[in-house]
Amino acid sequence: MLLAAEHDETSAEKIARHSDLLSRQLQSLREKMYPPEAQKKLKTFSSREVAGLLGVAESSLRQLSLNGEAVIPERLENGRRIYTLPQINELRRYLAEKRPADALRLDPRRRHGEKMQVLAVANFKGGSAKTTTTVHLAHYLALQGLRVLAIDLDPQASLSAMFGYQPEFDVDENQTLYAAIRYDDEERVPLSHVIRKTYFDGLDLVPGNLELMEYEHETPQAIAQGLSRGDGMFFRRMATVLKEVEDDYDVVLIDAPPQLGYLTLGALYAATGIVITVHPAMLDVSSMNQFLSMTSELLAVIEELEAA
Ligand SMILES: Nc1ncnc2c1ncn2[C@@H]1O[C@H](COP(=O)(O)OP(=O)(O)OP(=O)(O)O)[C@@H](O)[C@H]1O
Ligand SMILES: [Mg+2]
């Protein structure tokens, strides 16, 4: 490789030097890809796309725009109207109020008495498309007008990277989910403190980075010290903090790391549904079977604890 050491460096220094260099190259790549602010931006939508998303005729959109109702879309030089996602969501609410019979289709956010859904995307097979599935599902649900919270539970932080955050630059200490579920009372923060808006209207993110690993290390100590009990029991902590933001979201998506550790267990316990991604190949299906069998055993222990 192109990296020359300036002195006799230790192995740790050498790896750190390579990592620093990679970090800087990734950062400069991002600046080139998303100028000028090095941030991702969402595209705008044509009236045809908006009509498809809302299930209304393009002519109705044109009429609304001519009447100056609801939102004022930008006009291109050729006269075509283009809409931003916030404008589309504004239109949803406006039209849902105007057409009560169609309100649920136009504005599908959950109604009073309906439960927030928590989907954990998990499997201990690495590279099985967990993060890709999470990000596409998050985009899709947000485009349908749902309020979505995506949680990056993987120290690799690929989900955060897909939202344009470079974990070692853009995510500081105590800014991941770890900050909300850690055991020490002095440092713990409310979940809302680590939630960030994204370039997608209606889609928020709790970013991840390496500090999430701390939870795997600290949980055995916390159990031994009696800090993990009641609602603060290690497998309940995620479910407990998600309740804090229950009024703000329809769906929470959790991108789990490729292992069945304490973080993944917490996600499975908090989940109302689990998505297991798998490649259609013998070894992958066999690996998934090991995952299911281990999950079943661990959940049986948790169920026993719940019943006790
Ligand atoms: N439907 C698909 N078709 C082709 N390639 C895909 C598809 N979904 C994901 N991939 C590719 O597979 C690779 C692994 O995907 P991804 O990072 O989502 O997996 P993962 O399960 O989150 O991995 P990890 O276990 O490391 O977190 C990526 O290069 C991704 O672009
Ligand atoms: Mg992943």
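How many salt bridges are there between domain 1 and domain 2?

Reply: The count between domain 1 and domain 2 is 0 salt bridges, where a salt bridge is a side-chain nitrogen of Lys or Arg within 4 Å of a carboxyl oxygen of Asp or Glu. Keep in mind that this is a predicted model, with local features needing pLDDT of at least 70 and side-chain atom pairs counting only at pLDDT 80 or more, while totals for chains, interfaces and linings use all residues. Residues are numbered from 1 along each chain as its sequence is written, and side-chain values use heavy atoms, leaving out hydrogens and water.

So much for the ground rules; now the domains themselves. Domain 1 covers 45–106 and domain 2 covers 117–307, with bounds from an automatic or database domain assignment. Their centres, taken over C-alpha atoms, are 35 Å apart. Where they meet, 6 residues of domain 1 are in contact with 5 residues of domain 2 (heavy atoms within 4.5 Å).

Together they bury about 530 Å², and carbon and sulfur atoms give 58% of that. Buried area here is the accessible area (1.4 Å probe) that two parts lose on being put together, summed over both. On the domain 1 side, Leu-53, Leu-85 and Arg-92 supply 66% of the area buried against domain 2, more than any other three residues.

Notes:
Chains are lettered from A and ligands numbered from 1 in the order in which they are written.
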